[in-house]
Amino acid sequence: MVRARRVDDTMIAAAADAVAALADTTGPAGALLPPVTDLRTVSAAVAIAVAQAADEHGLAEQPLTNPVKQIHQAMWRPEYPPFELI
């Protein structure tokens, strides 16, 4: 999203922190990762955290003015034409 020149340790840590924050560790199994059914939410959270880290460390080539809006606008949406049986 921000066209970072490189990936640094703070960006990797931001991604790991974002994933960890969404894991439900209170259950009996104490999941280390969020459920795969929340993939879009997790992906957006990771992208926002990484973009903000890149911006804060001067690695962003594109301005980050509204991270949530920018990330959600850039996300791919699976839109398929209606399927017709023939």
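Helices (H or I, at least four residues) and strands (E, at least two) are DSSP runs, numbered from the N terminus. By that definition the protein chain holds three helices and zero strands. The model is predicted, so local features need pLDDT of at least 70 and side-chain atom pairs count only at pLDDT 80 or more, while totals for chains, interfaces and linings use all residues. Residues are numbered from 1 along each chain as its sequence is written, and side-chain values use heavy atoms, with hydrogens and water left out.

**Overall form**

- The elements of the protein chain run α-α-α from the N terminus on.
- The C-alpha trace of the protein chain spans about 55 × 40 × 20 Å along its principal axes.
- Buried residues (under 20% relative accessible area, 1.4 Å probe, protein chains only) make up 24% of the 86 residues in the protein chain.

**Packing of H2 and H3**

- Two packed helices are described by the angle between their axes and the distance between the axes.
- The axes of H2 (residues 39-56) and H3 (residues 67-74) come within 10 Å and cross at roughly 125°; axes are lines fitted to C-alpha atoms over the stretch in contact, with angles from 0 to 180 degrees between N-to-C directions.
- In H2, Ala44, Ala47, Ile48 and Gln52 meet Pro67, Val68, Ile71 and His72 of H3, where contact means heavy atoms within 4.5 Å.

Conventions. Buried means under 20% relative accessible area, exposed over 50%, partly exposed in between (1.4 Å probe, protein chains only).
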